[in-house]
Amino acid sequence: MTEDFDVKLVEHAKYYRPAAEYKNNSWIGDYKKAYDRFQKDPELFWSGIAKDLEWIRPWDTVLDWNYPYAKWFVNAKLNITANCLDRHVKSDRRNKAALIWRGEDGAERVYTYQQLLTEVMRFANGLKKLGVQKGDRVCIYMPMIPEQVIAMLACARIGAVHSVVFAGFGMTALNMRITDAEAKIVITSDISIRRGKAIPLITIVQEAIDNAPSVEHVIIHRRRKDQPVTIRADFELDFYGIMEDVPAICEPEVMDAEDPLFILYTSGSTGTPKGVLHTCAGYMVGTYYTSKYVFDLKERDIYWCTADPGWITGHSYIVYGPLAVGATVFLSELTPDYPDAGIWWKLIEEQRINVFYTAPTAIRTFMKLGEVWPNKYDLSSLRVIGSVGEPLNPEAFEWYYKVIGKDRCPIVDTWWQTETGMQMITTMIGEPMRPGFAGKAIPGVEVDVVDKDGTSVRPGTGGFLVVKKPWPAMLRTVYKNDERYRKYWETIKGCYAAGDLAVKGKDGNIMVIGRADDIIIVAGHNIGTAEVESALVSHHAVAESAVIGKPDTLKGNLIKAFVILRVGNTPSDKLTSDLIYHVRVTLGPIAVPHEIEYVDKLPKTRSGKIMRRVLKAKELGIDPGDISTLDE
Ligand code: WT7
């Protein structure tokens, strides 16, 4: 990437400046001062934040950094649920709504902090009764309902390590995650409800546990009262059943700062997903801090993040962060287009949402549908609007700013990852925003754009996005694969390589361009090319395949697969739909190719590696760059 990149940047050089009161009333105050305070003494900065929270035993040292291994809040003891629940129950927030949930059918449930704590303790005691102990892995495969959140918090209560699997994943993807984590328990629902349709989850679970010897029990939350499902009487338990006849109180397990809190799988550049491991104290402090300071959450706010708790966005900014702050969290399983494209704006009006956090793919979809939908509703309660998951392109920024934020609300375009656990780059409330740029490192974080040797690039040019210092919510390892963890810190000397390409603006703002590796971001979801390829190759008709991402104005990218068939098979529409169905069942609907092309050959290096870059260049009609390694 060269200077001419800045030509593009200049086109959108306009800054949006929020009203002065935003800065004056914000928790962060002056960004620059806060950033300087952090740089002067990072450990003092983070311990200052951590002191807001409750600790069973305080830390001896804030950070023990033994490259690339970090320990944060060394020797401290805590339980994250004591901070997300008990801390508030002991205070004036006891009867404040912690969670307000809206189902597709209009059902609404409200849990106060006291009620949520009570449910979590009962479910935690239910798990204990089944023999679940500190350190055991529990897989949660549920729709976006309060029980999903309760299950997560109940695990954390007793020190069990949850591994939440997004309910859109298919059978093989679920099986892989259960077996890799050696989960003892799988918690699921009979169905999830999407666009008025019931999608059975239990049948997927039933198949996924077939070859998963670690699983001792399946706990089923039954939404369908009319048709109670059952899979295996000796094996299954009822979600509310295990909450009966247990003590009402479950004291929080005493956790060491560095004890694992959860594993969350994310796509990597191989066919097997990476079990990103997060630990208790650092993750708690990082998500608490960002929830409060990036969203500028205030006591009376109602906050809505449209993500699924099953992704890292939901872990950090539906469950742990906002609850640690003591916020009121709105959760809804409603997709943005059902019953019509006005539903989200209607919910904002009805609930008087103050802080709203969603993804660029949703924003672009709404843009396409037009202003009529949001304009039908009163969005004046909104104060801060956020974006996450992929670059928020300038056009989408401007639409979001004008049509949703009414030229008034700051946009926090937050860059972060499953691995970072917490938001890392954004424009802090009150600072001038530049469309197309996520912003700058938040106080507490140091990032840069560098070349492959780790040298800082000149402002106005591009390179690899890196993090230069450890941060509290950083992943500690990849579960059972520490080598993959070390790779993050060994790819570019002296720093954490995020795997993203970025441009550093002359004003210090960072524009994230996209992935530098074989990961495709489709509608904000990370899909590994290798995962889709191995799903395709597992079909009997397929000999080989290569998968690329094709830019798409709505979804960011679409998946295109090139397929070489085994001898004896011929391309047909029927085969294409069979292959699509096969990927859907294996990996889930989010990983389904949009297009399949049958080919006789794939471009490869002499060492036999598929050159996806060459396929992509050909597809897009652009220069493939260096092809000297291509085997003709
Ligand atoms: C990748 C991480 C973090 C929660 C959701 C995704 C991309 C994320 C932004 C943003 C540009 C972004 C990056 C990153 N990404 N946020 N604001 N601007 N790109 O988590 O699945 O771990 O994906 O999403 O490419 O590396 P994830």
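The model is predicted, so to speak of local features a pLDDT of at least 70 is needed, side-chain atom pairs count only at pLDDT 80 or more, and totals for chains, interfaces and linings use all residues. Residues are numbered from 1 along each chain as its sequence is written, and side-chain values use heavy atoms, with hydrogens and water left out.

Strand β26 (residues 496–504) runs antiparallel to β27, and five bridges join the two. Together they form a hairpin with five residues between the strands. In that turn, Gly508 has a positive phi of about 90°.

## The ligand site

Which residues come nearest to the ligand? Of the 17 residues around the ligand (a heavy atom within 4 Å), these are Asp413, Thr414, Thr418, Asp500 and Arg515. Sorted by class, the shell has seven nonpolar, six polar and four charged residues. In this scheme Ala, Val, Leu, Ile, Met, Phe, Trp, Tyr, Cys and Pro are nonpolar, Asp, Glu, Lys and Arg are charged, and the others, Gly among them, are polar.

Now for the polar contacts, which are pairs of N or O atoms within 3.5 Å. Thr418 has a polar side-chain atom 2.6 Å from an oxygen atom of the ligand. The side chain of Asp500 places an N or O atom 2.7 Å from a ligand oxygen atom. From the backbone, an N or O atom of Pro391 lies 3.5 Å from a nitrogen atom of the ligand. On its own, the ligand has 550 Å² of accessible area (Shrake-Rupley, 1.4 Å probe), and the protein covers 95% of that. Two or more residues of the shell come from each of α11 (312–325), β20 (411–414) and β27 (510–515).

## The seven-stranded sheet

Strand β20 also belongs to an open sheet of seven strands, in the order β5-β4-β17-β16-β18-β19-β20, with mixed pairing. Because β5 (108–112) and β20 stand at the edges with a single partner strand each, one side of each is left without a neighbour in the sheet. Direction ignored, neighbouring strands of this sheet are turned by 15° against each other on average. Strand β19 (residues 384–388) pairs with β20 in the parallel sense over four bridges, and Gly386 stands opposite Val412 in β20.

Helix α11 packs on this sheet, touching (heavy atoms within 4.5 Å) β4 (97–102), β16 (302–305), β17 (328–332), β18 (355–358) and β19. The direction of α11 makes about 165° with that of β16; such angles run from 0 to 180 degrees between N-to-C directions, with axes fitted to C-alpha atoms, for helices over the stretch in contact. Helix α15 (residues 394–404) lies across β18, β19 and β20, at about 155° to β19.

## The eight-stranded sheet

Another open sheet, also mixed in its pairing, has eight strands in the order β12-β11-β8-β6-β7-β14-β15-β25. Its edges are β12 (236–238) and β25 (477–478), each with a single partner strand, so one side of each is left without a neighbour in the sheet. Strands β6 (residues 137–141) and β7 (residues 161–164) pair in the parallel sense over four bridges, with Val161 in β7 as the bridge partner of Arg137. Helix α7 (residues 146–158) packs on the sheet and touches β6, β7, β8 (185–189), β11 (217–221) and β14 (260–266), its direction making about 170° with that of β6.

## Backbone points to check in your viewer

Where do the cis peptide bonds sit? One joins Tyr67 and Pro68, with omega about 0°, and Pro68 is in the loop between β1 (61–66) and β2 (69–74). Another runs from Tyr338 to Pro339, with omega near 0°; Pro339 is in the loop between β17 and α12 (343–351). Asp296 has a positive phi of about 55° although it is not a glycine, and Asp296 is found in the loop between α10 (280–293) and β16.

Methods
Pairing = 2+ DSSP bridges. Polar contact = N/O pair within 3.5 Å; in protein donor to acceptor, adjacent residues only side chain to side chain.
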